[in-house]
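Hi everyone, thanks for coming. I'd like to walk you through one structure today, so please have a look at the screen.

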Amino acid sequence: MQPMKRVVALSLAALVVAGCGGDEGSAPTTAAVTVTTPVADTTIATTTPPPSSSSSTTVVATTLPATTTTVPTEDLIKQAVQDYATAYHLCGEKPAECVPESFTAVQGRSRSTVTDFVNGLMDEGLYFSADTRGSYLVAESTILESASEATAVFCVFDAGTVLGPVGPDGLPTVVNDQILSLRNEYYLFYENGWLVGEKRELERVGEGSHCPPAA
């Protein structure tokens, strides 16, 4: 029997796709983000008066030129996948409040797949537990295909639980609590920032934790 949290009405692996969609958006001039941070420096100037006068200390504030920090494109891509995974789980927790447009790319099939998935959860009365039981993702590789397309492979430790209607004991039914390790490939598009457009499962590593430790 396949894991319910990936089968429900669609499946967590319903984002599996054959390949990366075409790029219909305009490519950014640069994929890195520059963050400007003003830096203030305070210089303490001490004035020594004649012996007959009392000493005094003058504080002079000097503003130095702002410094800039550039975030590498690779880090932005990795963060985009992490953000996607977080938003996806929140959609599973509260399917009725899920807004796929807020975290998926226009290009690719993730937006429609996530929409169908959460509709299936609502039809069956299913949802994700808020307790992820330590689930996490670890980046294995990232490839910048062009200025507006990228791919990334992550090892996913999935320990989440799918819950269903309340049982005779007054508690939600545990539909699936299987713990798995997977390797997923994500296709990202630059649309005013990197967003996941498609995802496919490369390998089901096995039950339990088989991913490297989270950074």
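Let's begin with a pair of helices: helix 1 and helix 2, the latter spanning residues 110–124, pack at an angle of about 25°, and their axes lie 10 Å apart. Since angles under 35 degrees count as roughly parallel, over 145 as roughly antiparallel, 65 to 115 as roughly perpendicular and the rest as oblique, helix 1 is therefore roughly parallel to helix 2. The axes are lines fitted to C-alpha atoms, for helices over the stretch in contact, and angles run from 0 to 180 degrees between N-to-C directions.

Before going on, a word on where this comes from. This is a predicted model, in which local features need pLDDT of at least 70, side-chain atom pairs count only at pLDDT 80 or more, and totals for chains, interfaces and linings use all residues. Residues are numbered from 1 along each chain as its sequence is written, and side-chain values use heavy atoms, with hydrogens and water left out.

Which residues do the two helices bring together? Tyr84, Tyr88, Cys91 and Gly92 of helix 1 meet Ser110, Val114, Phe117, Val118 and Leu121 of helix 2, where contact means heavy atoms within 4.5 Å. By class, that contact has seven nonpolar, two polar and no charged residues. Here Ala, Val, Leu, Ile, Met, Phe, Trp, Tyr, Cys and Pro count as nonpolar, Asp, Glu, Lys and Arg as charged, and the others, Gly among them, as polar.

Is Tyr88 buried or exposed? Tyr88 counts as buried because its relative accessibility is 9%; buried means under 20% relative accessible area, exposed over 50%, partly exposed in between, with a 1.4 Å probe and protein chains only. Its C-alpha atom is 8.0 Å from that of Val114, 26 residues away along the chain.

Four strands form an open sheet in the order 6-7-10-11, with antiparallel pairing; two strands pair if DSSP finds at least two bridges between them. Strand 6 (136–144) and strand 11 (194–207) are at the edges with a single partner strand each, so one side of each has no neighbour in the sheet. From one strand to the next, the twist averages 20°. Helix 1, residues 73–93, packs on this sheet, touching strands 6, 7, 10 and 11.

Finally, the whole protein has two helices and eleven strands. Those are DSSP runs numbered from the N terminus, helices being H or I of at least four residues and strands E of at least two.
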